Amino acid sequence: MVSLAEKMAANMDMSAFSKADELKRRLWFTILALIVFRLGTFIPLPGIDAQILSEVFTRHSGGILGMFNMFSGGALSRMTIFALNIFPYISASIILQLGQSVIPSLAALKKEGEAGHRKITHYTKILTVLITVIQGYGIAVGLESMSGDTGVSAVVIPSFVFRFTTIVSLVGGTMFVVWLGDQITSRGVGNGSSLIITVGIIANIPSALAQTFELGRVGSMSLGVIAMLMVMALALIYVIVFVERAQRKIVIQYPKRQMGMRMMSAESSHLPLKINPTGVIPPIFASSLLLLPITVANMSAQNGPSWVQTLSQWLGHGQPLYLCLYAFLIVFFSFFYTAVVFNPEDTADNLKKHGGFVAGIRPGKNTAEYLDYVITRLTVVGAAYLTTLCILPELLISKLSVPFVLGGTTLLIVVQVTMDFVTQVQSHLIAYQYEGLLKKAALVNKKRK
């Protein structure tokens, strides 16, 4: 039974939502922006024979090409202007973040605050254009080498014109998606880039479930295996929610101190550290670095040199080399991104400035070393969790030929982004309720006066 307090909280949220006009506008803007993105995934590149392209993707749907098509919301199989989705921007962000660790000028920009952040964002978008041009040229060349079952080419216009129009279309489409993601982040609810990737994944869920049940209907997969996959997916969702909400709380103590004419009593608080501090970033970064080069290799393997064909086979979905590279990149970005978002020395200095200290640990350098020790152990656990979550389902998917949407990476992204989205909606509601309480208190004070 639901307690009275829970009912009152739910009623308060509903009443607040009914009056929160700003939140409604943000939600409607987010929904309309995502609809625009979905419409763009159906605008094809010029000069491509859709029937031949469908035959080619049917042959490669069980490989890495199918996985990237799932991330792009089906845009790659239709070869639309959004075929690259937002992944060139993610790749550019990776390169700039790595550059901040080794290039002093970029590291200096990071310390300049908002102005430095704007410059880094500008450089990221310029690099996104360059990456999209290179990848667009590779896709255009790969499409020219593709042919259907009858040997007819998938490209129906001359090579130079096709390559130029493909590059221009993909650059325009990718930068529009980047702009749309920025608009969702600033004027909507949630992180725009993550929501765009999540919507692409969710769009494939109905067809993926239908494909799985069709395998059971024709006898290619037993009902027991289908039931096992459904149970596995539910178990993964439970594990994801449990781990993403888990925290390691470090007790912070504040001694007695005098502020003005008042003596403040001793207080204690806690510093929450998530078990998986990086969230969905490592799998997304790893996928963005692996998928596009492998996609181009697969496209060029049909009529390319023998070493390209061999590399394409080694990097096939479920192959040992692909799994090893995927696991390595997840672990690498887990540690790298943790170092980016959490600096033990800065945290220790802030605690020292405000008079706080960890119980049993001296302020300053010793606190920084202790925090580094704790966050390193948490990162090891988080990296192991992400690697297991992403690799084990990949093995099952490659062996059983079930859709990619049931994999650990996709479930992690969908669940994590959904949790963040709900948290932001609740934050807007709480802020609105707090603002309403302040207005009521102001009115009461005026009446008393």
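Analyst: Glu 214 is partly exposed, because its relative accessible area is 36%. Here buried means under 20% relative accessible area, exposed means over 50%, and partly exposed lies in between (1.4 Å probe, protein chains only). The model is predicted, so local features need pLDDT of at least 70 and side-chain atom pairs count only at pLDDT 80 or more, while totals for chains, interfaces and linings use all residues. Residues are numbered from 1 along each chain as its sequence is written, and side-chain values use heavy atoms, with hydrogens and water left out.

The partner of Glu 214 is Arg 217. Their side chains meet in a salt bridge of 2.6 Å, N to O. The term stands for a side-chain nitrogen of Lys or Arg within 4 Å of a carboxyl oxygen of Asp or Glu. Both residues lie in helix H10 (residues 205-217), three residues apart, about one turn of the helix. Helices (H or I, at least four residues) and strands (E, at least two) are DSSP runs, numbered from the N terminus. An α-helix has 3.6 residues a turn, so residues three or four places apart point the same way. Arg 217 counts as exposed, because its relative accessible area is 63%.

By this rule, six salt bridges are counted. One of them joins Arg 163 and Glu 144, at 2.9 Å, N to O. This pair links distant parts of the chain: Arg 163 sits in helix H8 (residues 159-187) and Glu 144 in helix H7 (residues 114-144), 19 residues apart. Arg 163 is partly exposed, with a relative accessible area of 25%.

Next comes a pair between a strand and a helix. The side chains of Lys 274 and Glu 244 form a salt bridge at 3.7 Å, N to O. Lys 274 belongs to strand S4 (residues 267-274) and Glu 244 to helix H11 (residues 223-245), so the bridge ties together parts that are 30 residues apart in sequence. Which end of this pair is buried, and which is partly exposed? Lys 274 is partly exposed, at 30% relative accessible area. Glu 244 is buried, at 4%. Elsewhere, salt bridges that share partners join Glu 22, Arg 25 and Arg 26 into one network.

Met 419 lies in helix H17 (residues 408-448). Met 419 is buried too, with a relative accessible area of 16%.

Glu 345, Asp 346, Asp 349, Glu 369 and Asp 372 form a negative surface patch. Patches are built from residues with over 30% relative accessible area and no salt bridge; like charges are joined within 9 Å, nonpolar side chains (Val, Leu, Ile, Met, Phe, Trp, Tyr) within 5 Å. Asp and Glu count as negative, Lys and Arg as positive; His and the chain ends are not counted. Each charge is placed at NZ of Lys, CZ of Arg, CG of Asp or CD of Glu.

Helix H15 (344-353) and helix H16 (365-400) each supply at least two residues of the negative patch. H15 gives the largest share, three residues. Asp 349 is in H15. Asp 349 counts as partly exposed, because its relative accessibility is 38%.

A nonpolar patch gives the contrast. Trp 28, Ile 31, Leu 32, Ile 35 and Leu 39 make up this surface patch, with about 540 Å² of accessible area together. Such areas come from the Shrake-Rupley method with a 1.4 Å probe; for residues, only the protein chains shown count as cover. Trp 28 is in helix H2 (residues 21-40). Trp 28 is exposed, at 56% relative accessibility. Ile 35 is also found in H2. Ile 35 is partly exposed, at 42%. Ile 35 and Val 199 are 9.4 Å apart in space, C-alpha to C-alpha, and 164 residues apart in sequence.
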